[in-house]
Amino acid sequence: MPAPVTRRLPSGLSVLAYDLPGQYVLSVRLVVPLPLRVEPRDREGVATIMARCLDEGTARHTAAEFARLLERRGVALGAGVGDSALSVDVDVAKRHLGYALDLLRQCLAEPAFPESEVARHVATRLAEIEQERSVAAHRASTQFAATLFDPQARASRPTGGSHATVEPITRDDVVAFHAAHVAPEQATVVVSGDLSGLDVFAEVEQTLGAWRTPEGYASLGPWQPTQLAADRHRVVVVDRPGSVQTEIVLGCPGPDRLVAGGWAPYPVLGFVLGGSPTARIDALLREDLGYTYGMRSSFRPRRVGGVFVVSGSVRSEVTVPAVVHLRRVLRKAHDGFTEDETEQGRQFLVRTAPARYATADTVADEAASLALDGLTTDFTNDTLARIAAMTPDRLDAAYRAVIDDTWTIVLVGDADSFVDDLREVVSDVTVVPN
């Protein structure tokens, strides 16, 4: 990872510039810390609607005019929210950077939020909610969050809100939420690409430098860890009668990037357990038993804490043995990892890193993501160096530190075809409708 040149504007906006010679399409990533817990409980999803409406016109331009301004110079702009931030992505030819940054400033500082556009995005989101319920993988991940996290925690509910909370969202809700939570204070903008001949900081100061914290902005305060559900150690079956496959999501709480002892072992563990067809899970469930086309595992860091997740689908008739074998693989991992497995993880992650971070957009994405945790891309370089020196003993210690063999398991499939057999091997099983 190249080292950025950095500056902090008087408004509180941090600027990171990454010079990548030869990459003439620049990637701009702007992130605003925004925990979804600040959404009103009866208007969850308002952050998503707000993000989607940012480019639907400004104080100076209608939605149609703004779209033409983007198209005129080939500016690609998109926005969205996750569990911890609002992110706005811009890709633009080098010679039009200042032009694109000014449009970005208008989106952030003076969005119009036309009532008709807000209503359109609300209707679109309601249609998405209905569609998401029909996708087994999405339904499984939604139920997994609802089971793992405390019902009072925002993380237990969909990022984009539910039908009951999205349907009543109005323009006034969106305007109020934007004014209270979108500001340059604590925000970061990353500019990545060929910066030769450009004064990036002058371009940013002349455009985003005019963005100011609005009156009524609500300071975030300390970041809150997500509370876990007291009854999370159970199996939930989402019944989909007639399904010929069962979607499996199995997981438990995991570490964040600032975990004691360092983050480096966890990408290796994710790869060794379920990162390839030769990893432990696929070697058994796919290659030996033929239950699945593939199951993957990963450690997913959050702002505070994280999640370890294994997911994939199996044929309906092998649902119970698949769960039994999967748990057995993960339990056996407590016995330790071999030098060959460790070497495979080291080689894959280190040797593919140059390709993963070869483009302006991936560098910008990485830098923006790390900035939300108060980290720089020095963290990426340090992590890769530690991965290159990884040992089986270090993997063993890291796995045992966070995995205690108690699981939250969600199965989405035809409950009648396997739930009786499941109850013979698992004591706590709950069946819920799709």
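Student: Leaving aside neighbours within four places in sequence, which residues is D414 in contact with?
Tutor: D239, R240, P241, G242, S243 and S316. Contact means heavy atoms within 4.5 Å. This is a predicted model: local features need pLDDT of at least 70, side-chain atom pairs count only at pLDDT 80 or more, and totals for chains, interfaces and linings use all residues. Side-chain values use heavy atoms, without hydrogens and water, and residues are numbered from 1 along each chain as its sequence is written.

Student: Is D414 buried or exposed?
Tutor: D414 is buried, meaning under 20% relative accessible area, where exposed is over 50% and partly exposed lies in between (1.4 Å probe, protein chains only).

Student: What is the nearest side chain of opposite charge?
Tutor: R240, 10 Å away. D414 has no salt bridge, which takes a side-chain nitrogen of Lys or Arg within 4 Å of a carboxyl oxygen of Asp or Glu. For charge, Lys and Arg count as positive, Asp and Glu as negative; His and the chain ends are not counted.

Student: New topic. Where is G216 found?
Tutor: In the loop between α8 (200-207) and β7 (235-239). Helices (H or I, at least four residues) and strands (E, at least two) are DSSP runs, numbered from the N terminus. G216 is exposed, at 62% relative accessible area.
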